[in-house]
Amino acid sequence: DLTSYITRFQWDLAKYPTKQSLRNIADIISKQVGQIDADLKTKSAAYNNLKGNLQNLEKKQSGSLLTRNLADLVKKEHFILDSEYLTTLLVIVPKANMGDWNAHYEKITDMIVPRSSQTITQDQDFVLCSVTLFKKVVDEFKLHARERKFVVREFVYNEEELAAGKNEITKLVTDKKKQFGPLVRWLKVNFSECFCAWVHVKALRVFVESVLRYGLPVNFQAILIHPSKKSTKRLRDVLQQLYGHLDGSAASSGGNADNVDIPGLGFGQSEYFPYVYYKLNIDMVETKV
């Protein structure tokens, strides 16, 4: 686990040979993490694209009758098929207007088949109806239906296309499951790699900061301290008493970086003390080095 790794940290000589210069070690870490970041973007984009396509199809399966896919709601017997002159339209009628529809749909235009309307299904707000009419008056029917707040849905009954649509959802579900497991395993492995690299960067910073602060020869000891929230202030006071003599500017600033100018060091928004200090956040746990 993360805490054990930090408390038992040892420099990984195989990955980051200490015979290399500090710049080379930093470049090795940067390239490693950069490649992981690039791979993550590619993998997450592919998975999110697949997930988004599936969500869009699922929304069409469960939304309002105005927008949802009608393929699962209609049957072959609802349509006049293979007719040279006749066609069947699907119309979305507001529930409040069903009386108007039943009374007047045959009169919206000429050439509507009498008593051809069927109620197929309904949701909370709308009713899905079918109506059969001559193909030559379809455009006129759509225009006058819109005036009465009846919405004609564009739909062509084709069993092959309907089957393909269902197969697409099944395929997306299967592909999502296939990608999810390997993606999670990849994330676990590479989170570990990035976390290890991050702790090595912290170790590098402790080393460099110590040399910049206190000069050569290198003579410092890095330790981990994990105080409780109640004892943090007391710990600061003790550390200040022990090491305050190492840096007078830190003592005069009261440990606040905003009150002290430190040329060459990027501590503008971090806490500055007479000892080198970095905070490690591990979820809700704060371990200090």
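What share of the contacts in the chain with a separation of 6 or more comes from residues 24 or more positions apart? Such residues account for 70% of them, where contact means heavy atoms within 4.5 Å.

## About the model

The structure above is a predicted model, in which local features need pLDDT of at least 70, side-chain atom pairs count only at pLDDT 80 or more, and totals for chains, interfaces and linings use all residues. Residues are numbered from 1 along each chain as its sequence is written, and side-chain values use heavy atoms, with hydrogens and water left out.

## Overall layout

The chain has 7 helices and 6 strands. These elements are DSSP runs numbered from the N terminus, with helices (H or I) of at least four residues and strands (E) of at least two.

Of the 289 residues in the chain, 31% count as buried. Buried here means under 20% relative accessible area, exposed means over 50%, and partly exposed lies in between (1.4 Å probe, protein chains only).

## The four-stranded sheet

Let's turn to the sheet. Strands of a sheet pair through backbone hydrogen bonds, either parallel or antiparallel. In this model, 4 strands form an open sheet in the order S2-S3-S1-S4, and the pairing is antiparallel; two strands count as paired if DSSP finds at least two bridges between them. At the edges are strand S2 (118-122) and strand S4 (151-153), each of which pairs on one side only. On average, neighbouring strands of this sheet are turned by 35° against each other, direction ignored (axes are lines fitted to C-alpha atoms, and angles run from 0 to 180 degrees between N-to-C directions).

Strand S1 (residues 86-94) and strand S3 (residues 126-134) run antiparallel and are joined by 9 bridges. Within this pairing, leucine 89 stands opposite valine 131 in S3.

## Aromatic rings and a well-placed arginine

The chain contains 14 aromatic pairs. Rings of Phe, Tyr and Trp (its six-membered ring) pair if their centres lie within 6.5 Å; planes under 30 degrees apart count as stacked, over 60 as edge-to-face and the rest as tilted. Tyrosine 243 and tyrosine 275 are edge-to-face, because their ring centres are 6.3 Å apart and their planes are at 65°. This pair links distant parts of the chain, 32 residues apart: tyrosine 243 is in helix H6 (residues 232-243), and tyrosine 275 is in the loop between helix H7 (248-253) and strand S5 (279-282). Tyrosine 243 is partly exposed at 34% relative accessible area, whereas tyrosine 275 is buried at 10%.

Elsewhere, ring pairs link Tyr5, Phe9, Phe191, Phe195 and Trp198 into a cluster. Arginine 236 has its charged end over the ring of phenylalanine 273, 4.0 Å from the centre, and also over the ring of tyrosine 277, 4.2 Å from the centre. A charge sits over a ring if NZ of Lys or CZ of Arg is within 6 Å of the ring centre and within 35 degrees of the ring normal.

## Tyrosine 16

Tyrosine 16 lies in the loop between helix H1 (2-7) and helix H2 (22-62), and is buried with a relative accessible area of 2%. Leaving aside neighbours within four places in sequence, tyrosine 16 is in contact with Trp11, Ile25, Ile28, Ile29, Gln32, Ala197 and His200. The C-alpha atoms of tyrosine 16 and isoleucine 29 are separated by 8.0 Å.

## Cysteines

How many disulfides does a search of the whole structure find? The search finds 0, with a disulfide taken as a pair of cysteine sulfur atoms within 2.5 Å. For cysteine 196, the nearest cysteine sulfur is that of cysteine 194, 9.3 Å away. Cysteine 196 counts as buried at 17% relative accessibility, and cysteine 129 counts as buried at 0%.
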